[in-house]
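Take a look at the model below.

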Amino acid sequence: MRPELILLAVAVGLATWVFRFVPTKLPLSRAGADGPLQRFLAATGPAAIATLFTASVLPMIAPEIGKDLPLILGTLAVLAVYAMRPSVVLPTLAGAVAFGLATYLFG
Amino acid sequence: MSAQPTPPTDAAPAKTSFRTGLAMSIPLVLGYFPIAFSFGVAATRAGLSTAEALLFSVVIFAGAAQFLALALVAGGAPLIISALTLIVMNLRHVMYGPTLMEKAGTNASTRYAWLWGWCLTDEVFATTLGALARGTRFSERFVGGVGIGAYLSWIAGTGLGAVTGEGALDAFPIVDAGLSFMLPALFLALLLSILNRTQLPAVVVAVGATIVGTLAFSPTLGIIAGMVVGALAGTIRKRRVLP
């Protein structure tokens, strides 16, 4: 195992761990008042998840018409199953199955 | 979408055990495995040994950063430049801890945050936050359960990818394609589960900022722009018009 790779992995891993762990100990997350900071933190979750969904879907959008069908069907499957059964697991699996089938049939 | 989210059927409020967290990690396990598998394949292609590929997944545990690390290593980038680039890329994670703790409440324990914080990836954060938003009570064991499921899947996928190489899923094209949509589907389901009218501006702005940032600059900047600008949009309150 190359020493420079070990050094790189340890440096990045340590910094990432600090980013993830240390802020959980900061008092800013425990402020009770409904101030701008609390509203910022409350909005961070939905904003982050919307961002991650957008970022994960963007590379899948194809320039040619019709090539996006698996993406559209997968997304619709998530929405439809969520509307019928508001949970996380089933809509996720339904979206993946619809995407896989559509890719196989039309992709 | 509604002002009062309907309680989901797969998130019982009282169960916050490690096992519940582990069960909640199933979509993550299924979504992580093929991506980690791809990483294992890409790592060996980039000249890393199986042990080196596993080292990255065990020690870094951050998908996008790991793929970028391969590009940097293969391109011969200096160590310090590679490290700084990857560290900056993971800077977005500083927002996750405070957001979770804000949702968890003032009495939530962080005694073992040094441990479960290790696993607080984008997806583990989103899954945990979604569960809390739907009424699941915070516990460190619960977050640990979500995290360890994702972590083990990531390591297993990397190892298998590095050992077997690509082509292992060639015989299962539907599964192969379906797994590639697992994470987007998970993010969408999570978003639906926590969405309410109050947070709608933050969501719309986040989506717009992500698209603009990605197309104009890079995917990494798009993600940071989406999270920060979206969260800032959420702090703006409509002024009430007095009669």
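## Starting with one residue

Where is the place of B:Met89 in chain B? B:Met89 sits in helix H5, which covers residues 79-89 of chain B. Keep in mind that the model is predicted.

Is B:Met89 buried or exposed? B:Met89 counts as buried because it has 22 C-beta neighbours inside 10 Å. The cut-off for a buried residue is 20 or more. Leave aside the neighbours within four places in sequence. B:Met89 is then in contact with B:Ala64, B:Ala65, B:Leu68 and B:Thr220. Take B:Thr220 from that list. B:Thr220 and B:Met89 are 131 residues apart in sequence. In space, their C-alpha atoms are 6.6 Å apart.

## Chain A

Chain A has four helices and zero strands. Its pattern along the sequence reads α-α-α-α. Of its 107 residues, 50% are buried.

What radius of gyration does chain A have? The value is 20 Å. A compact globule of 107 residues would come near 13 Å. Along its principal axes, the C-alpha trace of chain A spans about 50 × 50 × 25 Å. Now consider the contacts in chain A with a separation of 6 or more. Residues 24 or more positions apart account for 37% of them.

## Chain B

Chain B has 13 helices and zero strands. Read along the sequence, the pattern is α-α-α-α-α-α-α-α-α-α-α-α-α. Chain B has 243 residues, and 54% of them count as buried.

What share of the contacts in chain B with a separation of 6 or more comes from residues 24 or more positions apart? The share is 80%.

## Where the chains touch

## Two helices crossing

Two packed helices are described by the angle between their axes and by the distance between those axes. Helix H4 (residues 89-106) of chain A and H11(B) can be described this way. Their axes come within 8 Å and cross at roughly 145°. The crossing of H4(A) and H11(B) is right-handed.

Which residues make the contact? From H4(A) come A:Pro91, A:Thr92, A:Gly95 and A:Ala96. From H11(B) come B:Met182, B:Ala185, B:Leu186, B:Leu188 and B:Ala189. These residues divide into seven nonpolar, two polar and no charged.

A:Val97 also has its place in helix H4 of chain A. A:Val97 counts as partly exposed, because it has 18 C-beta neighbours inside 10 Å. A:Val97 and A:Ala77 are 20 residues apart in sequence. Their C-alpha atoms are 8.7 Å apart in space.

## The nonpolar core

How many residues does the largest nonpolar core have? It has 109 residues. B:Phe187 and B:Ala206 have the most contacts inside this core. Helix H2 (residues 36-57) of chain A gives the core its largest share, twelve residues.

Look at B:Ala206 again. Leave aside its neighbours within four places in sequence. B:Ala206 is in contact with A:Ala47, A:Ala50 and A:Thr51, and also with B:Gly226, B:Met227, B:Val229 and B:Gly230.

## Two residues in loops

B:Phe61 lies in the loop between helix H3 (50-59) and helix H4 (63-74) of chain B. Why does B:Phe61 count as buried? B:Phe61 is buried because it has 25 C-beta neighbours inside 10 Å. Its phi is near 50°. That is a positive value in a residue other than glycine.

B:Thr136 lies in the loop between helix H8 (122-133) and helix H9 (140-164) of chain B. With 22 C-beta neighbours inside 10 Å, B:Thr136 counts as buried. B:Thr136 and B:Phe187 are 51 residues apart in sequence. From C-alpha to C-alpha, B:Thr136 and B:Phe187 are 18 Å apart in space.

Conventions
Residues are numbered from 1 along each chain as its sequence is written. Chains are lettered from A and ligands numbered from 1 in the order in which they are written. This is a predicted model: local features need pLDDT of at least 70, side-chain atom pairs count only at pLDDT 80 or more; totals for chains, interfaces and linings use all residues. A residue is buried if 20 or more other C-beta atoms lie within 10 Å of its own, exposed if 12 or fewer, and partly exposed in between; C-beta atoms are placed from the backbone. Two residues are in contact if their C-beta atoms, placed from the backbone, lie within 7 Å. The radius of gyration is taken over C-alpha atoms; the globule rule is 2.2 Å times the number of residues to the power 0.38. Axes are lines fitted to C-alpha atoms, for helices over the stretch in contact, and angles run from 0 to 180 degrees between N-to-C directions. A crossing is left-handed if the near helix is turned anticlockwise from the far one by less than a right angle, and right-handed if clockwise. Ala, Val, Leu, Ile, Met, Phe, Trp, Tyr, Cys and Pro count as nonpolar, Asp, Glu, Lys and Arg as charged, and the others, Gly among them, as polar. A nonpolar core is a set of buried Ala, Val, Leu, Ile, Met, Phe, Trp, Tyr and Cys residues joined through C-beta atoms within 7 Å.
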